[in-house]
Amino acid sequence: MSKRFGIVVVLILGILSPLLVQSLRFDIQSGHTKCIAEDIKSNAMTVGKYSIVNPNEGHPLPESHKVTVRVTSTYGNNYHYGDNVQSGQYAFTAAEAGDYMACFYAIDHKPVTTITIDFEWKTGIAAKDWTNVAKKGQIDVMQLELKKLEDIVQSIHDEMFYLREREEEMQELNRATNSRMGWLSFLSLCICFSVAGLQLWHLKTFFERKKLL
């Protein structure tokens with residue numbers, strides 16, 4: 001019981017953590033690339049937005065402060081592309097499960113400059129615009145909170161089934177690996193016995209030619 005409770009707590013924290021994180025800020029130098037991965041389930045909604053932090057507030061961003069952004073799936077499908085931009089956003093529904101990569105390439109510039117980027121990436125229930133949900137449905141605060149809790153419970157349910165599927169895949173992989181290792185061990189023994197037999201036959205024929213036997 002305590003183990004199941006711990007798993008549920010971990011799932012809840014994992015689902016609620018995107019709701020608590022506001023954004024990610026990182027630095028990248030001219031001519032370099034930085035990639036950020038996000039594990040997304042199939043048919044999950046995801047939204048992201050990014051912008052370059054202005055080093056001189058009150059002044060326009062320098063021309064050197066531009067990046068090329070590409071968001072791709074595990075299988076290399078392109079979901080977003082921004083060429084030499086200073087900010088942007090994307091939203092899509094994942095067609096396949098796996099790690100999605102958001103790669104930022106800072107344009108080459110001499111002398112080398114450091115660019116600071118604000119990046120926010122939300123998936124699942126965190127990607128839902130609850131303000132629009134409340135406006136469209138004309139619901140009060142309590143109903144909105146209940147709707148959020150309902151979606152969280154559904155996400156936990158889907159996550160548990162997803163983890164079960166992954167566990168079954170890993171078990172099948174372990175069984176296949178054990179079977180292959182068994183055949184490999186058997187083949188290795190056969191080769192060892194064959195080599196030993198050939199060595200004995202060679203020594204016997206050698207001694208017989210030398211009339212030592």
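**Strand pairing and salt bridges in the sheet**

D27 stands opposite T116 in β8. The model described here is predicted. Strand β1 and strand β8 (residues 114-123) pair in the antiparallel sense over six bridges.

These two strands belong to an open sheet of four strands. The order is β1-β8-β3-β6, and the pairing is antiparallel. The edges are formed by β1 (24-29) and β6 (87-93). Each has a single partner strand, so one side of each is left without a neighbour in the sheet. From one strand to the next, the twist averages 20°.

Salt bridges were examined next. The structure holds five of them. One joins R25 and D118, with the closest N and O atoms 2.7 Å apart. This pair links distant parts of the chain. R25 lies in strand β1 and D118 in strand β8, 93 residues apart. R25 is exposed because its relative accessible area, 52%, is over 50%.

A second salt bridge brings together the side chains of E120 and K49, at 3.9 Å from N to O. E120 lies in strand β8, whereas K49 lies in strand β3 (residues 45-52). The pair therefore ties together parts that are 71 residues apart in sequence. E120 is buried, with a relative accessible area of 16%. K49 is partly exposed, at 46%.

E120 also forms a salt bridge with K122, and here the closest N and O atoms are 3.1 Å apart. K122 is partly exposed, with a relative accessible area of 22%.

Terms used:
Residues are numbered from 1 along each chain as its sequence is written. This is a predicted model: local features need pLDDT of at least 70, side-chain atom pairs count only at pLDDT 80 or more; totals for chains, interfaces and linings use all residues. Side-chain values use heavy atoms; hydrogens and water are left out. Two strands pair if DSSP finds at least two bridges between them. Axes are lines fitted to C-alpha atoms, for helices over the stretch in contact, and angles run from 0 to 180 degrees between N-to-C directions. A salt bridge is a side-chain nitrogen of Lys or Arg within 4 Å of a carboxyl oxygen of Asp or Glu. Buried means under 20% relative accessible area, exposed over 50%, partly exposed in between (1.4 Å probe, protein chains only).
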